[in-house]
Amino acid sequence: MNLSRYIETLQALPASEQQTWATGAALVLAGVLLVLWLEWRHFRRQGKAGSWLALRMVSLLAAPLVVLAVLGPARAVSGMEGLAVFYGLLITVGPLIWFGSHLGVGRRLTPALSTGECVALSLSGLLVFGLPGFAALQAAGPLEAAARHHEDNPPDAGTPVPLAHAVQPLQRFDMPVAGTVFAQSLIAPPGLRLERVDERVGELWYDTAGLSQTAFCRQGQDLHLMWAAREQAPRLRLHWVIDGQRQVAEHRLLPAEGSTPAFAVGFREDGFDVAAPVPRTRVLFALHRAADGAPNYLSMGNSMQPGERQQDGCLMPGYRRVAWQREGPPLAVALVFRRDGGAPWMAEFFRPGP
């Protein structure tokens with residue numbers, strides 16, 4: 001964790017967001033101070049305030065020792081074995097150091113603390129150190145996103161770099177149930193390598209690597225977008241390398257012009273064609289019918305065929321089933337759209353015929 005980087009990021013945030021972070025930090029600090037005050041008040045009445053303070057000093061020393069004893073060996077082992085080492089040490093060595101140090105020192109103080117008091121301070125100490133630790137873990141993701149946003153958007157950035165991709169005209173289709181649907185393709189020139197795609201959510205940009213996306217998909221170095229008018233339009237920023245130079249630019253959507261044809265799915269014996277590239281995460285398809293006669297849909301996002309690449313997440317025109325002679329012709333295709341927090345809309349397309 002680069003603390004100075006995060007401090008710089010917080011200083012660059014708008015005043016309202018700085019106030020939110022300051023309020024959260026103040027609440028965590030208040031919780032820790034409240035626990036310590038309640039402890040001190042209790043032990044002062046028992047005439048053991050000095051012993052309590054000494055044992056809390058022990059807590060300050062024991063906490064980093066526990067972290068080093070657990071994380072050190074675990075980080076030295078890679079893969080699932082490292083995770084097993086971490087959990088093994090967490091439930092054996094960690095408690096031995098933490099509770100053992102409190103019991104061993106607390107019983108030898110003057111005035112001495114009882115075994116029950118030592119155990120109670122050990123448990124409350126977990127809260128004293130655990131509350132800020134938990135808060136830091138929760139803040140790490142948003143802080144990292146804010147730091148990346150700040151680094152990619154410096155105040156003196158100057159004129160934005162234009163996209164290297166060829167931006168195809170925004171298409172508009174009419175689709176059953178979903179209504180108006182938009183589609184657009186960004187075609188990469190030869191020699192370009194697309195490194196990362198960020199999506200803007202609110203005021204921050206988030207790296208979409210490893211996340212399931214429905215509004216856009218990647219096919220090689222090209223990018224294809226599709227969303228319903230009732231959904232949130234994607235706001236994307238592309239990072240690429242071409243001729244050895246790294247560049248970044250935001251893709252800005254322009255209004256669609258022209259007619260609004262019906263979105264069509266053309267069925268073939270060995271597959272089907274779509275009117276525009278579609279993110280595979282939106283697509284369901286059926287090769288057979290269920291007992292009640294309804295299509296038995298499969299998710300295309302989880303149905304990679306031999307020869308298909310994991311990084312290619314688009315259903316492209318000309319889609320072909322490898323084992324079509326054994327499977328038979330596809331019976332139906334459905335495209336799923338959803339607004340945040342709402343029920344999905346499913347546009348279904350059926351193979352003509354009985």
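Rings of Phe, Tyr and Trp (for Trp, the six-membered ring) make a pair if their centres lie within 6.5 Å; planes under 30 degrees apart are called stacked, over 60 edge-to-face, and the rest tilted. Keep in mind that this is a predicted model, where local features need pLDDT of at least 70 and side-chain atom pairs count only at pLDDT 80 or more, while totals for chains, interfaces and linings use all residues. Residues are numbered from 1 along each chain as its sequence is written, and side-chain values use heavy atoms, with hydrogens and water left out.

**View 1. Ring pairs link Phe-173, Phe-263 and Phe-349 into a cluster.**
Seven aromatic pairs turn up in the structure. In the edge-to-face pair of Phe-86 and Tyr-87, the ring centres are 5.2 Å apart and the planes stand at 75°. Phe-173 and Phe-263 also form an edge-to-face pair, with 5.3 Å from centre to centre and 85° between the planes. This pair links distant parts of the chain: Phe-173 sits in strand β2 (residues 171-175) and Phe-263 in the loop between β9 and β10 (265-267), 90 residues apart. Helices (H or I, at least four residues) and strands (E, at least two) are DSSP runs, numbered from the N terminus. Buried here means under 20% relative accessible area, exposed over 50%, and partly exposed in between (1.4 Å probe, protein chains only).

**View 2. A nonpolar patch on the surface brings together Met-80, Leu-83, Tyr-87, Leu-90 and Ile-91.**
Patches take residues with over 30% relative accessible area and no salt bridge, joining like charges within 9 Å and nonpolar side chains (Val, Leu, Ile, Met, Phe, Trp, Tyr) within 5 Å. A salt bridge, in turn, is a side-chain nitrogen of Lys or Arg within 4 Å of a carboxyl oxygen of Asp or Glu. Ile-91 belongs to helix α4 (residues 79-91) and counts as exposed, at 68% relative accessibility. Tyr-87 is partly exposed at 47%, and so is Phe-86, at 24%.

**View 3. Four strands make an open sheet in the order β5-β4-β8-β9, with antiparallel pairing.**
At the edges are β5 (204-207) and β9 (245-251), each pairing on one side only. Two strands pair if DSSP finds at least two bridges between them. Strand β4 (residues 193-201) runs antiparallel to β5, and four bridges join them. Look for Glu-199, which stands opposite Tyr-206 in β5.

**View 4. Strand β13 (residues 283-289) pairs with β17 (residues 332-337) in the antiparallel sense over four bridges.**
Val-283 faces Leu-335 of β17 across this pairing. β13 also pairs with strand β14 (residues 295-299), again antiparallel and over four bridges. There, Ala-286 has Tyr-297 as its bridge partner. The hairpin of β13 and β14 has five residues between the strands, and Gly-293 takes a positive phi near 90°.

**View 5. Gln-19 is found in helix α2 (residues 15-45).**
Is Gln-19 buried or exposed? Gln-19 is exposed, with a relative accessible area of 51%. Its C-alpha atom is separated by 39 Å from that of Arg-282, 263 residues away along the chain.

Technical notes:
Areas by Shrake-Rupley, 256 points an atom, 1.4 Å probe, with all protein chains shown as cover.
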